[in-house]
Structures are given as C-alpha cells and as structure tokens.
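Okay, thanks for coming, everyone. Have a look at the structure on the screen, and then I'll walk you through a few spots.

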Amino acid sequence: MASVGRSLKIMFVSMVLSLLCSMAVYAGQWRLDHVGWWYENDDGTYASNGWYWVDSLCYYFNQQGYCLLDTITPDGYTVNANGAWHINGTVQYKGDKTCDNFEDAILDYYSDKYPDDGSYVIFDSEIREDNSSYYFIVRYQMTEAEAEARIKQGGMPAANIYHCEVSADKYSGIVKNEYGDILLHMQ
C-alpha cells in the first residue's frame, strides 16, 4: 500500500514538473511586417510611443509600435537607418564600460559598416588594455565572391585582410578609430 502511495506522489510531482517546463518563455525579439520593424518585449507586449533600450541601443517607437528609421524623432533626436539613436553620427550605447561590452559594441559597429552581404566578413578582434583605455584591433576580410566581382569589373581585389585599430576610453565611454574619429559612445 505504501508503494502505491509513493508511486502516486512521484507521478503527481512528475506531472507538475512537466507542466511547469512546458510553459511559454518569452524573450524579447525584433519583428518585421509589410509596414516596418517593431519590438516584442519579453512579456509579449510591444514597445510603442517612446524610447526603448534594446540590446544596448536606444530606439524610438511610434504610437503604432513601429521603430522610426533614418529620421528625426518627435522629441527632436535623430535615429540612423537602423533606428538607433545617434548624436552627429555617433551611435549612443548603454552598458557598463567593460571590455566585453565595448568589444560587442565595436563589432556591432563594424558589422553595420561592413554587413555580411557577401562583401566582407569580420572574423577576429584582439584586445589590449592600459589604465584608461581598451585597445581593439578588428580584422575583416573581403570574401572570394567580392574579389571575383571586382576582377570582373576590371578592378583589382583589395588586400585579403583588413584591420582597424579602435580605442575605448574606460571613463568617458568614447570609442575612436585610429584617426581619432568618434565611432560610438557608451552611455
């Protein structure tokens, strides 16, 4: 009799655990339809009518929930073609000023500059550090398809591997390229 009771308890606990494990888990994600891009929050609601930080970038969503792209927002700020808030072309990032966060932001910047459209592939970054800054070398290369396209057009393929040096100030959050141009700002 005791073994039947124990078996029922085990079966009941197993059913409860199965139900708990099968519940829907939401993770925020970008959505696209015939009108444009919108962002679905973790809880199934949608960003709308204002500014939202998504993956360390700030976006403005209209009343219908669509992300504004390459325009001036109703409150007078500018967003780029990807919808990210920028000031004079410098994308504004949010996050702790850690090496990992800087590296992610820099790789995102170069991924936007050289999208994986068959032209360039970013494959590496190298990091060094001093008291006030992180220094990154980002390596990217022309794909075989891009080299062939340039040859067909009568051009010469560029060097196979490119690199750029980038510095990130640990205190101000300013990220500059090797020429001193500001690429982004970590808030």
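Predicted model: local features only at pLDDT ≥ 70, side-chain atom pairs only at ≥ 80, totals over all residues.

Residues are numbered from 1 along each chain as its sequence is written, and side-chain values use heavy atoms, with hydrogens and water left out.

A pair of aromatic rings is described by the distance of the centres and the angle of the planes. The rule here is that rings of Phe, Tyr and Trp (for Trp, the six-membered ring) pair if their centres lie within 6.5 Å; planes under 30 degrees apart are stacked, over 60 edge-to-face, and the rest tilted. How many aromatic pairs does the structure hold? There are 14. One of them is W53 with W85, edge-to-face, at 6.3 Å centre to centre and 70° between the planes. W53 is in strand β3 (residues 50-54) and W85 in strand β7 (residues 85-87), so this pair ties together parts 32 residues apart in sequence.

Buried or partly exposed, which is W85? W85 is buried, at 14% relative accessibility, and W53 is partly exposed at 35%. The cut-offs: buried is under 20% relative accessible area, exposed is over 50%, partly exposed is in between, with a 1.4 Å probe and protein chains only. W85 also pairs with Y77, again edge-to-face, at 6.0 Å and 85° between the planes. Y77 comes out partly exposed, at 40%. Elsewhere, ring pairs link W30, W37, Y39, Y52, Y59 and F61 into a cluster.

We also have charges sitting over rings, meaning NZ of Lys or CZ of Arg within 6 Å of the ring centre and within 35 degrees of the ring normal. R128 lies over the face of Y135, 4.5 Å from the ring centre. The charged end of K170 does this with Y134, at 4.9 Å from the centre.

Hold on to R128 and K170, please, and look at S133. S133 touches both of them, along with A168 and D169, leaving out residues up to four places away in sequence; a contact is heavy atoms within 4.5 Å. S133 sits in strand β10 (residues 133-142) and is buried at 9%. Its C-alpha is 8.1 Å from that of Y171, 38 residues apart along the chain.

Now the hairpin. β12 and β13 pair antiparallel over three bridges; for pairing, DSSP has to find at least two bridges between the strands. Four residues lie between them, and G180 in the turn has a positive phi of about 90°. K176 stands opposite I182 in β13. In β13 (residues 182-186), four of the five residues are buried.

Last one: N177, in strand β12 (residues 174-177). N177 is buried, at 16%. Its side chain reaches the backbone nitrogen of Y179 at 2.9 Å. Beyond four places in sequence, N177 touches Y110, E165, V166 and L183. That's my tour, thanks.

Note on methods: Helix = DSSP H or I, 4+ residues; strand = E, 2+ residues; numbered from the N terminus. Polar contact = N/O pair within 3.5 Å; in protein donor to acceptor, adjacent residues only side chain to side chain.
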